[in-house]
Structures are given as C-alpha cells and as structure tokens.
Amino acid sequence: LRRQRQMCIRDRDIGIEPLPHMTCRDRNLNATKALLLGLSMEGVHNVLVVTGDPIPTEDRNEVKSVFNFNSRKLAQYIVSLAGEGREMPSAMTVLGALNLNARNFDVELRRAVEKLENGMSGFLTQPVLSAQAVENLRKARQTLGERAKILAGIMPVVSQRNAIFMENEINGIHVEEDIIQRFAGLDREQGEALGLEVSMQMAREALPYADGFYLMTPFNRVALMERLIARLKTELLDAEG
C-alpha cells in the first residue's frame, strides 16, 4: 500500500505515468483484486505483470508462495475486471516481460503470443547486452508484428565485477563475454564512460525492432542515466522523429 501511494503521488505531483510491477507469487485472488481496484481508483491505468520466481529454498520454512495465477491468467483476469457493469470503471493496459536471453527463445515467443491472446498489449525486455539478444528481439518483432509494443531494456554495465555478477548471478540476464573483457582494469570514471558507449551501441542495434526503451539505473547512478537519456534523445530518438 505504501508503494501504491508513492506511485499515485508521482503521477499527480510530477506527471510521471506510474507502472506498478505485479507478480503472481505473493497475493491470492482477493488481495490481487483489492490492489488492482485501489490502483484504478487512484488513476493508475498501467501494470506490468510477471509470474515471479519461487521463494528461495532456504526461506521456504518461514515463507510460502501463493500462485493462484501465472502471468497469462492474471492478464486475462485484469482485462475481465473492466467494462460495463464491472468493478473497474476503465480498462488497464497490461504489459508483460519478454526474456530475450531465454535458452529456448522459441518457447519464450510462443508464450508471448499467448500473453497477447490473454489481454497483454506489450512487453518490456530484459537488458540487451549481447548480439544474440538483438537477434532474438528481431525475431520477436517479426513474430509479434505490430500487435505488441516492445520496449527494449537498457542497463549500463559500470565495471567488470558488475558485468560478471550480472552474467553469473542474475536470472535472465546475459552479458556478452567481449563486453565483460572490455571493462578489465578500468576505474569508476572509465567504467561509466564505457558503460555509456556499450548502452548506446546496444540501443542503436535494438532500435529497428523496438518501439522505444526503458532504462534501469545501476547503483543509483542518476548522473550516468541523465547522460544516457540525453544521448538517446539527441542521437537516436530525435533522429527517428
């Protein structure tokens, strides 16, 4: 509820359209419905829906997962809440995740098609940090066509340690080995400069197949993201019109 209030304040006072992130793991049907209706009453009309990861093994004695849905069924349920005589006065735009780094991307694409059929209208991808991710993005655009909006994820790598951690420890992210090696021996300033260049390279390669970008900030480095936004705008988005 605190996060819900914060998102609504952002929308009203700053003019930034909020996009709450909902998983299927932590709420049952009644709690999910209550949250959705509360968001709708506060003027929040977009939601990102993912199935979510299981509770880590070491925590399962104290915390239990609640999986009444997967992301496709939850999307279908959200869509069903809106309409004449329904509980929600206006429809929500439901977005989902698209993992460009999935081991079997054909399966991921089939799920994406099913998500569209169940009411989703677009996808946010995992960070694009490899040539294979760009190729899978091309396949996604070819398969999904104009039915879905696709926002390519851009997350600057800032050091070799950061790149290795992302590659080995974060599910769904793949950092190309060449990128990892390029960060060897760089200090903080040099690492940020290279991270900016890599992000711009990935954005250039992804842009023909994406409707836009969404950005992930590493380690609260806001100044780095301001530089990235400025370059994306002037070098890519303005040029595209």
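In which handedness of crossing does α4 pass α5? The answer is a right-handed crossing, where right-handed means that the near helix is turned clockwise from the far one by less than a right angle, and left-handed that it is turned anticlockwise. The model is a predicted one, in which local features need pLDDT of at least 70 and side-chain atom pairs count only at pLDDT 80 or more, whereas totals for chains, interfaces and linings use all residues. Residues are numbered from 1 along each chain as its sequence is written, and side-chain values use heavy atoms, with hydrogens and water left out.

Of its 241 residues, 43% count as buried; here buried means under 20% relative accessible area, exposed means over 50%, and partly exposed lies in between, for a 1.4 Å probe and protein chains only. Among contacts between residues at least 6 apart in sequence, 75% join residues at least 24 apart, a contact meaning heavy atoms within 4.5 Å.

Two packed helices are described by the angle between their axes and the distance between the axes. For helix α4 (residues 105-117) and helix α5 (residues 131-144), the axes come within 11 Å and cross at roughly 40 degrees; such axes are lines fitted to C-alpha atoms, for helices over the stretch in contact, and angles run from 0 to 180 degrees between N-to-C directions. The helices α4 and α5 are therefore oblique to each other, given that angles under 35 degrees count as roughly parallel, over 145 as roughly antiparallel, 65 to 115 as roughly perpendicular and the rest as oblique. On the α4 side the contact is made by Phe105, Leu109, Ala112, Val113 and Leu116, and on the α5 side by Asn136, Lys139, Ala140, Thr143 and Leu144. By class, these residues of the contact of α4 with α5 are 7 nonpolar, 2 polar and 1 charged, where Ala, Val, Leu, Ile, Met, Phe, Trp, Tyr, Cys and Pro count as nonpolar, Asp, Glu, Lys and Arg as charged, and the others, Gly among them, as polar.

The C-alpha atom of Leu35 is separated by 9.7 Å from that of Met22, 13 residues apart along the chain. Met22 is found in strand β1 (residues 21-23) and counts as buried at 2% relative accessibility. Not counting residues up to four places away in sequence, Met22 touches Thr32, Leu35, Leu36, Val47, Leu48, Val49 and Val50; one of these, Val47, is 25 residues from Met22 in sequence and 7.1 Å from it in space, C-alpha to C-alpha.

The largest nonpolar core has 65 residues, of which Leu36, Ile78, Phe123, Leu144, Val175 and Phe213 touch the most other members; such a core is a set of buried Ala, Val, Leu, Ile, Met, Phe, Trp, Tyr and Cys residues joined through side-chain atoms within 4.5 Å. Helix α8 (residues 188-206) gives the most to this core, with 7 residues. Leaving aside neighbours within four places in sequence, Leu144 is in contact with Ala112, Val113, Leu116, Phe123 and Ile150.

Helix α8 also contains Glu192, a buried residue with a relative accessible area of 12%. Beyond its neighbours within four places in sequence, Glu192 is in contact with Val158, Arg221, Leu224 and Arg227.

Most residues other than glycine have a negative phi. Phe219, although not a glycine, has a positive phi of about 55 degrees, and it lies in the loop between β6 (212-215) and α9 (222-240), where it counts as exposed at 57% relative accessibility. Asn220 is found in the loop between β6 and α9, with a positive phi near 55 degrees, and is exposed, with a relative accessible area of 69%.

Conventions: Helices (H or I, at least four residues) and strands (E, at least two) are DSSP runs, numbered from the N terminus.
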